[in-house]
Amino acid sequence: MSARQQGVSRRTVIKGAGALTAATAVPTGWAIAQARPLKVGLMLPYSGTFAQLGENITHAIEMHIAEKGGKFGGRDIQIVRLDDESKPELAPQNADRLVKRDQVDVVIGTVHSGVQMGIHKVVAESGTLTIVPNAGNVAVTRDLCAKNVFRSSFTNWQPAYGMGVAAAKKGYKKAVWVTWDYAAGHESGAGFKEAFEKGGGQVLPNLMLPFPQTNFQPLLAQIPGLGVDVVGSFFAGGGAVQFVKEYASAGLKAPLCGSGFLTEGTLGAQGNAADGIETALHYGDGLDNAKNTAFRSAFKQKAGREADVYAVQGYDAAQLLAIGLDAVKGNIEDEANLYKALRAAKFDSPRGPVSMSPAQNITQNIYLRKVEGGLNKVVGVAAENLADPGTGCKLA
Ligand code: PHB
């Protein structure tokens, strides 16, 4: 149990430790606390439409822990896993279980934006250091931002904004966004619309269905009547596989584009149906940097499949945590210096150089990609070094 969770202030622990060391050679409470492993709770989907996303994040976190000899800041890292099933209704009790019952020192989670809200309620109150390795809901690093919450992935706004910029530059004028009716769908639609309309285009109201449903036919049937010259989309995981296949079979004239999750980690299952689709994302195939080359080969060895953006985000959650813990030599109770190091973190990701924004979300290039030969080939940079606006976040 951490000193914070025991209700013991850091100062009490240090004072107590000093008194003890002076009097005896017995290991101090502080030394004992430092010697125990740091518990890192992974709250991720290991079942349902996002199961593979959670698995890839986990493989990559474990990979970085192994690269660092099993220790961050000199402390052994112990992983506790919890399958959140991408079910928002279970999220508060699941997060509570990790924080209160398992008494983790750090939470890394999750994938689904609605589940993230449940985690956020719990950790904003408990003060547990939390790193978001996927879920893009803007609130977490905008109006509800918290000093103990960092994100190594993206906001839903970032890749979709990049896609909107690229679609407007291509000369498209009228678009519609097709998506699941939940935070990630709405917020990515808003990012696309903002950029596309700045570029002179018009976006119709979203076409939506409830998460995680895949009854796409009624939506696809509406598209020909809308007169759009491009269709933008946010789907991911198993749902994205099916949407892309059904879109191709429908023989629609308007090309499909989207946030890059639409074709990320899914191309094997989508086959030819995905050929030519352009998307924007903070990762892609053929990014030529040394970190990426080493990362991809190590990931393939560990997971038995190619890395994707989810693996990158998991790896970077672990890189970020290691940076913070190394800075305080494993003393997670030294919150001021821990957060200072995390906020200042600038590091090489397999996606390229990244840094943290003032609202503690990642700042990164958004690449334009095109599906060719089963790969999301990077064909340009849609938005360089793009930070989420962090609207409403006030951190001292
Ligand atoms: C989200 O719910 O924020 C989410 C889920 C899957 C993705 C991206 C975003 O691939």
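A pocket is here an open set of grid points with protein on both sides within 12 Å along at least five of seven lines, and its lining residues are those with an atom within 4 Å of a point. The legends below describe close-up views of a predicted model.

View 1. Twenty residues, written as 20 in the count, line the largest pocket, and G265, T266, E306, A307 and D308 are the ones that lie nearest its centre. The volume of this largest pocket is about 290 Å³, and the elements that give two or more residues to its lining are α3 (51-67), α10 (267-270) and β16 (375-386). By class, the lining of the largest pocket consists of nine polar, seven charged and four nonpolar residues. Because domain 1 (37-154 + 288-356) and domain 2 (157-281) both give residues to this lining, the largest pocket lies between them.

View 2. The lining of the largest cavity is made up of 15 residues, of which V111, N134, F154, Y182 and F234 are the closest to its centre. This lining holds 11 nonpolar and four polar residues, and no charged residues. At least three residues of the lining come from domain 1 (37-154 + 288-356), and at least three come from domain 2 (157-281).

**View 3. Helices α4 and α5 cross at roughly 40°.** The axes of helix α4 (residues 91-101) and helix α5 (residues 113-126) come within 7 Å of each other at this crossing. With that angle, α4 is therefore oblique to α5, and the crossing in which α4 passes α5 is right-handed.

**View 4. Q103 and T110 lie in loops on either side of the name β4 in the chain order given here: α4 to β4 for Q103, and β4 to α5 for T110.** Q103, a residue other than glycine, has a positive phi, near 50°. The peptide bond that joins G109 and T110 is cis, with an omega of about 5°, and the loop that holds T110 runs between β4 (106-109) and α5.

**View 5. A cis peptide bond runs from F211 to P212.** The omega of this bond is near 0°. P212 has its place in the loop between β9 (207-209) and α8 (217-222).

**View 6. Helix α3 packs with helix α11 (residues 290-303).** The axes of α3 and α11 are 10 Å apart, and the angle between the two helices is about 110°. This angle makes α3 roughly perpendicular to α11, and their crossing is right-handed. Helix α3 is also one of the elements that give two or more residues to the lining of the largest pocket, as noted for View 1.

**View 7. Helix α12 (residues 309-327) packs with helix α13 (residues 335-344).** The two helices pack at an angle of about 140°, and their axes lie 8 Å apart. Angles over 145 degrees would count as roughly antiparallel, and α12 and α13 are therefore oblique to each other. The crossing in which α12 passes α13 is right-handed.

Key. Residues numbered from 1 in each chain as written. Predicted model: local features only at pLDDT ≥ 70, side-chain atom pairs only at ≥ 80, totals over all residues. Heavy atoms only, no water. 1 Å grid on protein atoms, 1.4 Å probe; cavity = no way out; pocket = protein on both sides within 12 Å on 5 of 7 lines; lining within 4 Å. Points joined across faces, edges and corners; volume = space filled by probe spheres on them. Helix = DSSP H or I, 4+ residues; strand = E, 2+ residues; numbered from the N terminus. Nonpolar A, V, L, I, M, F, W, Y, C, P; charged D, E, K, R; others polar. Domains from an automatic or database assignment. Axes fitted to C-alpha atoms, helices over the stretch in contact; angles between N-to-C directions. Parallel < 35°, antiparallel > 145°, perpendicular 65-115°, else oblique. Left-handed = near helix turned anticlockwise from the far one by under 90°.
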